[in-house]
2 protein chains.
Amino acid sequence: MSKVKIAINGYGTIGKRIGDAVTAQNDMEIAGVVKTRPTFEANVAVDRGFDIYASSSDKTGAFNKAGIETSGTLEELLDKADLVVDCTPGGVGASYKKLYEKYGVKAIWQGGEDHEVAGFSFNSEANYNDAIGRDFTRVVSCNTTGLTRALFPLDQTYGIKKSRVTLMRRAADPGNIKSGPINAIIPNPISLPSHHGPDVNSILPHIEIATVAVKLSTTIMHFHALNVEMNKDFEPDDIIDLYASRPRIRFVSGDQNIKSTAEVMELARDLGRSRCDMFENVIWKDSISKYHGELYFFQAIHQESDVVPENIDAIRAMCELESDGAKSIEETNRTMGISK
Amino acid sequence: MSKVKIAINGYGTIGKRIGDAVTAQNDMEIAGVVKTRPTFEANVAVDRGFDIYASSSDKTGAFNKAGIETSGTLEELLDKADLVVDCTPGGVGASYKKLYEKYGVKAIWQGGEDHEVAGFSFNSEANYNDAIGRDFTRVVSCNTTGLTRALFPLDQTYGIKKSRVTLMRRAADPGNIKSGPINAIIPNPISLPSHHGPDVNSILPHIEIATVAVKLSTTIMHFHALNVEMNKDFEPDDIIDLYASRPRIRFVSGDQNIKSTAEVMELARDLGRSRCDMFENVIWKDSISKYHGELYFFQAIHQESDVVPENIDAIRAMCELESDGAKSIEETNRTMGISK
């Protein structure tokens, strides 16, 4: 079987991770990656052996000056590719839709774009089947991916009556030196609720969910405090068993001396994965509690990487490489080193 | 009328603020302050004109060496005082109870002690009357004071069916250089719920409240995301009117460009108050929302100072200086510069 050819438009935080994840698969390969400017990440792509394409012909000169050989422009790459993963900055991706249509290439957008860009929002466990054969798909944001992974199994098993979540967001990614705050808590947005609840509804439309969000002086992970009212009775041990059976949830606990997001990411560095990433939802097992009949727990989400395996599964569904979502997840996990 | 004589045992973050607040009143005065060691704060007390007492006679030498004159020991101070405000570190205060009893002095403890130390927990608006003439009172912690100020008026007016709160706590006070984290989110405690809900119940026993808490990389304020289910219907404007009528709630809004705790404390610096403190609950007016029939809003709490006016009111009630709680609050606010 010839491998499906993947273009990556935008080789930054998400794009470079998807580049490596695609390369790790047996059924897909990188046709090329598109950069706007010859930053250090263009050199990373060269080192990985990827062909570099300039976003447009007027950008080619800058790459030549920087000693980076380009194989052409975005349009030339689209002409060769079966599917493009759009990893351009949030809000920019939508502007490429016409071009992707023109070249008849399938496209995946990230969570920075609206649901309407693709008309379909994706999570591997929740709706793999609905992505099969699709031309356009949006993989939801890191926070929405994390919430969907947590809520979908609960809803399947117990039925969610209502969920209320406080999202504590990292201020910026670790490599970002422009953003604050250094010492503050920022309600963001101030008006409630935040967009995260409705975004979960783009995948699980029937769940009643209210989310509020703040931005914090930290760079390494998002953190969620979840409250879930369920239709059926449960005990904390039932929830632990349920999550233990899911492919992209990792338990940590205070007993193991993992008492913060910092220690979670220290563990990630020890796991030997690409870029020391933590692809799973990280749930504190000892936080899973029943109080006043409702479920409460804490989870941490690695904002730079949790959507990466979902992108791989989305490719597999859209290109009809695998009809069974569970098998795709298993293969993606295996190749990316995601194991319990 | 002769002024009530107040001893302050422990002249740190809270003690030094209560020292200034007592001095600002017409009906009470500082009899002396107790320090264990001659730190810079002992010099602050000297500058304020307060008599310094060593915590015990074996500590007196250290003060002499540092050139700070002491007027005796804690026991000698207790002998002269009508009431002692215990501002020793959390958990230490309880050990002084027998001594306070021995000298027949009334005592106020802070929120770091258990409710049982005093058998009565205080908030100016919620239970001033119950403190009148009492010998022992505990002023609840900064977070519990903030929650009580927010929840009590709601419960009075609408009846609270249930409240769920995420407390985002500052890691350390600004002058503390020993504590972390620099870059992490710490679920604290990991097991849910946190003690803050039960602590609210020490004042408002009938309210069903679930609290979860985290510690963050920030020093300047705590931050609460509140969810409240109420028995009667409401509109956000009703809640705004209700809070506008309360003496220790200050509104801010994103429209005023107050979009974070940092800007709140920048405002506090502009208000010209002692130590640039923010004694009120700070509620984002534009966060007050109704969603799925429930109330949501954000508030920030200045951990170093919000309990200070409550201590003044507690003194007034316990020493029977004022029988009307609203009048005590008004006088405390006036003298401390707390106005809308």
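A polar contact is a pair of N or O atoms within 3.5 Å; within protein, one must be able to donate a hydrogen and the other to accept it, and residues adjacent in sequence count only if both atoms are side-chain atoms. This is a predicted model, in which local features need pLDDT of at least 70 and side-chain atom pairs count only at pLDDT 80 or more, while totals for chains, interfaces and linings use all residues. Residues are numbered from 1 along each chain as its sequence is written, chains are lettered from A and ligands numbered from 1 in the order in which they are written, and side-chain values use heavy atoms, with hydrogens and water left out.

Q: How many residue pairs are in polar contact between chain A and chain B?
A: The count is 16 residue pairs, with both residues at pLDDT 80 or more. On the side of chain A that touches chain B, β10(A) gives the most, with 6 residues; strands here are DSSP runs of E with at least two residues, helices runs of H or I with at least four, numbered from the N terminus.

Q: What makes R164(B) and E294(A) a salt bridge?
A: The term asks for a side-chain nitrogen of Lys or Arg within 4 Å of a carboxyl oxygen of Asp or Glu. The closest N and O atoms of R164(B) and E294(A) are 2.8 Å apart, and the pair therefore qualifies. Between chain A and chain B the count is 6 salt bridges.

Q: What makes E75(A) and K102(A) a link between separate parts of chain A?
A: Their side chains meet in a salt bridge at 3.5 Å, N to O. E75(A) lies in helix α4 (residues 74–80) and K102(A) in helix α5 (residues 97–102), so the pair ties together parts that are 27 residues apart in sequence.

Q: Why is the pair Y243(A) and F297(A) called edge-to-face?
A: Rings of Phe, Tyr and Trp (its six-membered ring) pair if their centres lie within 6.5 Å; planes under 30 degrees apart count as stacked, over 60 as edge-to-face and the rest as tilted. Here the centres are 5.6 Å apart and the planes at 65°, so the pair is edge-to-face.

Q: How are the two copies related?
A: Superposed by least squares on the C-alpha atoms of residues with pLDDT of at least 70 in both, chain A can be laid on chain B with an RMSD of 0.0 Å by a turn of 180° and a shift of 0.0 Å along the axis. The copies are thus related as by a two-fold rotation axis.
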